[in-house]
Amino acid sequence: MDDKKVIKYLNLTHPDFVKSLQDWSKIYFPKESKNLQNKASSGRHFIEVSSFIGDVLSFHMEDRFKNSNLKTATDPRAVVNLSEAHGYKFRGPSAARGPESFYLEVPAKTGSLGNDQPNMDYAFNFKNVQLQNNNGIFFEALEDVDFSETNTSSSAECLVSKRDQSSGRPTHYVLKKNVEVMAGRTVTETFVIASYKPFREIQLANKNVLDVISVKDSEGNEWFEVDFLAQEAIFEGVKNNGSDSANVPYMLKIKTVPRRFVKKVDPVTGQTRLIFGSGKGTEIGDSVVPDVSMLALDLKGKLTFSPSSIDPQNFLKTRSLGLAPYETTLTIQVRTGGGRISNTGEGSLTNIVSRAAVFNSGLVVSDLNNTLGSFTARNLAPIEGGDEAEDIDTIKKHAAAFFAAQSRINTKEDYIARSLSIPSKFGNVFRVYPVNNCDRNGGVQLYVLAKNKAGQVVAPSLDFKKNLRIYLSFFTRMGQGLDIIDGKIINIGIEYSILVESGMNKSKVKFETLLKVKEYFNINKWQLNQPIVIDEIFCLIKNTLGVVSIPELKVTNKNNEMNGVTYSSFAYDVKTNTRNKIVFGVPDGIFEVKFPDSHDIKVSAI
C-alpha cells in the first residue's frame with residue numbers, strides 16, 4: 001500500500017467529517033478502528049470532537065467566502081462595506097421632506113403715492129422654526145421663514161385680509177412664504193479630543209441620524225462632511241444679490257475644506273460614526289505634501305544603495321486626506337428621526353411649537369403682538385419621502401447601479417441627467433441638449449433652457465450659466481471644453497376649424513377640442529429638437545365626440561411683440577420647415593404655445 005495518505009478537504013457538514021475520519025481510520029489504522037461503531041469508545045469520541053471542530057471551521061470559511069462577494073453576501077455590515085467599495089454609501093433611514101406654507105398678517109399703511117400697501121416693517125424673519133403634526137412627529141424648517149422677501153405685487157404671496165367697514169380700504173394684509181421643512185429634531189453632542197490620532201473616529205450617541213448639521217471645534221473652526229477623505233473641495237451656496245436673484249437665489253462656489261470628515265452608518269445598530277482625516281497641521285496654509293528633503297534617501301555620495309523602508313506616517317500626517325482634530329472640543333449638531341412614520345398628510349402639519357422672531361425696534365406694541373400671534377402654517381400637499389433604512393437586497397441593487405454610473409459624465413444622457421440634478425436654488429434647469437462640437441479637446445456645446453420664478457420658460461441668465469458650469473466641472477475631465485448656450489424658444493400659434501355634427505352643441509365641442517390641443521402643447525411635455533406631427537393633432541381633434549371633419553389646421557410663428565403681448569425674438573419660417581406634415585424645429589429650439597388660454601389657440605366651428 002502506498003504510504004501517501006489521501007485526505008479530502010471538501011467536507012462541509014458534520015456527518016461528512018465523521019464518515020471521512022472513519023474511512024481514513026479503517027484504511028490506515030484497521031486494528032484500532034474496530035470499535036469506532038461504538039459511540040462510547042474513546043476513538044469515536046475523538047472522531048466526533050474532530051468533526052465538530054472541522055464543521056465549525058468549515059462554516060466560518062464558507063461564511064467568510066460568501067460575504068466577500070456583493071452578490072452572495074448576507075451579513076449587513078459586509079454588504080455595506082462592499083457597497084462602499086463600489087462607491088455607494090449607506091445612509092440609514094430617510095425623513096419626509098417637502099414645502100410648507102407659512103402665513104403672517106401685517107397691518108396696512110399708505111404709500112408715498114397714496115396707495116394702500118402692507119407695512120413691511122412687520123414682515124418679520126422667523127428663525128429655527130419647529131412644527132409638530134397630528135401624530136406628534138416633529139418637523140424643522142430648513143431655512144429662515146423671512147417674510148421681508150415676499151413679493152407684495154403677487155396675489156399668490158400677498159392678499160388683503162381685512163378692510164375698514166366704512167371706507168372699504170385695507171387694514172391688514174396676509175403674507176405667504178413657502179419654505180421646505182423636514183421631519184426630525186436637532187440635537188447637540190460634545191466630545192473632548194485629547195492627543196493627536198490619525199483617522200480618529202467618533203461614535204454619536206443618537207441613533208437614526210439624518211443629517212450632520214454642523215461640526216465646530218472650540219477654536220471656532222468648522223468641519224465639513226465629504227463623500228471621501230481625499231475630496232478637498234465641496235459646493236457652497238452664496239446668496240445672490242444680483243438682478244436675477246429671484247430666479248437664481250444663490251451663486252455656486254467651490255470651497256476648499258482641509259477640515260473634513262466622512263459619515264458612516266452601522267446597518268445593525270443604526271448608530272453613526274464620524275471619521276476624520278490624518279493630517280496634523282494646525283493652519284490652513286500647511287503644506288499639502290511633506291517636505292521632500294525629509295523623505296529623500298541618504299546616499300552620502302554613494303552611487304549604489306539598498307532599498308530602505310519608508311514610514312507611511314510621513315505621508316499620512318499631511319492635508320491630502322484632511323486634518324485630524326486634537327487638543328480641542330468638538331460640538332456636533334445632528335438631526336435625528338425619519339422613517340415611514342414621518343410621512344404626513346395634507347393639512348396635518350399646522351402646529352408651530354417654537355420659533356425665534358427677528359424684528360426692528362420702535363414698532364407699535366399692539367400691532368407687534370398681533371402680528372406675532374398671526375404666524376401660522378399649513379402644508380397644502382402631503383409631505384412624503386420618509387422610509388426605513390434600506391434592506392440588503394436594495395443596497396446591492398443601488399450599489400451596482402452606482403458603480404455603473406461612476407459619478408462621471410461620459411454620454412449625452414449623462415449630461416442631461418447631471419444638469420437636471422443641480423439644486424433649484426442655483427437655477428431651475430428646464431431642458432438640456434448636448435452636442436459634440438468636435439474640437440480637439442472633445443468639447444461639448446450644451447444648449448439650455450430654464451424656468452423663472454413664475455414657471456415660464458426663459459433663456460438662462462449669466463449667473464445661472466456660471467453655476468451650471470461650476471457644477472458640471474466636478475464631473476467632467478480636466479481640460480474638457482464646455483460651452484453653455486441659450487436654447488431657442490419658438491413661439492407658435494394654432495388655428496383650426498371643425499365641422500360639428502348636426503344636433504351637437506358647437507360651443508361644447510369646440511371647448512373639448514381646445515382642451516385636447518392645450519394639453520398636447522403643454523410645455524412640460526416638450527423637448528428640445530422635438531418636431532410637431534400634424535397628424536397627431538388631427539387625430540386628437542377628430543376623436544372628439546361631435547367632430548365630423550377638420551377643414552383647416554394651421555401652425556404659425558409668433559415673435560417679438562404681437563397684439564400687445566411679447567413673444568420670443570426668434571423668427572421661424574414654419575412653411576419652409578414643414579415636410580410630409582411634420583414641422584421640424586432646430587436642434588437647440590423648443591416649440592411653445594405661450595398663451596394657450598388667450599391669444600395662441602384659435603378654433604372656429606362650422
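The following paragraphs lead through a predicted model of a protein chain, from its overall make-up to single contacts.

The protein chain has 11 helices and 31 strands. Of its 606 residues, 37% are buried. The chain exposes about 34,500 Å², and carbon and sulfur atoms supply 52% of that area.

One place to look at helices is the pair formed by helix 10 (residues 506-520) and helix 11 (residues 534-542). Their axes come within 9 Å and cross at roughly 150 degrees, and the crossing is right-handed. On the side of helix 10, the residues in contact are Thr513, Lys516, Val517 and Tyr520; helix 11 contributes Glu536, Ile537, Leu540 and Ile541. By class, this contact has 5 nonpolar, 1 polar and 2 charged residues.

Among the strands, strand 6 (residues 158-163) contains Ser161. Ser161 has 32% relative accessibility and therefore counts as partly exposed, the class between 20% and 50%. Leaving aside residues up to four places away in sequence, Ser161 touches Glu105, His172, Tyr173 and Val174. The C-alpha atoms of Ser161 and Leu175 are separated by 9.5 Å, with the two residues 14 apart along the chain.

Glu105 also takes part in a salt bridge, with the side chain of Lys162 (3.6 Å, N to O). Lys162 lies in strand 6 and Glu105 in strand 1 (residues 97-110), so this pair ties together parts that are 57 residues apart in sequence. Lys162 is partly exposed, with a relative accessible area of 42%.

The structure holds 19 salt bridges. In another of them, Arg273 pairs with Glu201, and the closest N and O atoms are 2.6 Å apart. This pair also links distant parts of the chain, as Arg273 is in strand 15 (residues 271-276) and Glu201 in strand 9 (residues 201-207), 72 residues apart. Both partners are partly exposed: Arg273 has a relative accessible area of 24%, and Glu201 stands at 44%.

A salt bridge between loops joins the side chains of Asp600 and Lys558 (3.2 Å, N to O). Asp600 lies in the loop between strand 30 (589-592) and strand 31 (601-605), and Lys558 in the loop between strand 25 (547-557) and strand 26 (561-562), so the pair ties together parts 42 residues apart in sequence. Asp600 and Lys558 are both buried.

Salt bridges can also be joined to one another here: Glu140, Asp211 and Arg335 are linked in a network of them.

Terms used
Residues are numbered from 1 along each chain as its sequence is written. This is a predicted model: local features need pLDDT of at least 70, side-chain atom pairs count only at pLDDT 80 or more; totals for chains, interfaces and linings use all residues. Side-chain values use heavy atoms; hydrogens and water are left out. Axes are lines fitted to C-alpha atoms, for helices over the stretch in contact, and angles run from 0 to 180 degrees between N-to-C directions. Helices (H or I, at least four residues) and strands (E, at least two) are DSSP runs, numbered from the N terminus. A crossing is left-handed if the near helix is turned anticlockwise from the far one by less than a right angle, and right-handed if clockwise. Contact means heavy atoms within 4.5 Å. Ala, Val, Leu, Ile, Met, Phe, Trp, Tyr, Cys and Pro count as nonpolar, Asp, Glu, Lys and Arg as charged, and the others, Gly among them, as polar. Buried means under 20% relative accessible area, exposed over 50%, partly exposed in between (1.4 Å probe, protein chains only). Accessible areas come from the Shrake-Rupley method with a 1.4 Å probe; for residues, only the protein chains shown count as cover. A salt bridge is a side-chain nitrogen of Lys or Arg within 4 Å of a carboxyl oxygen of Asp or Glu.
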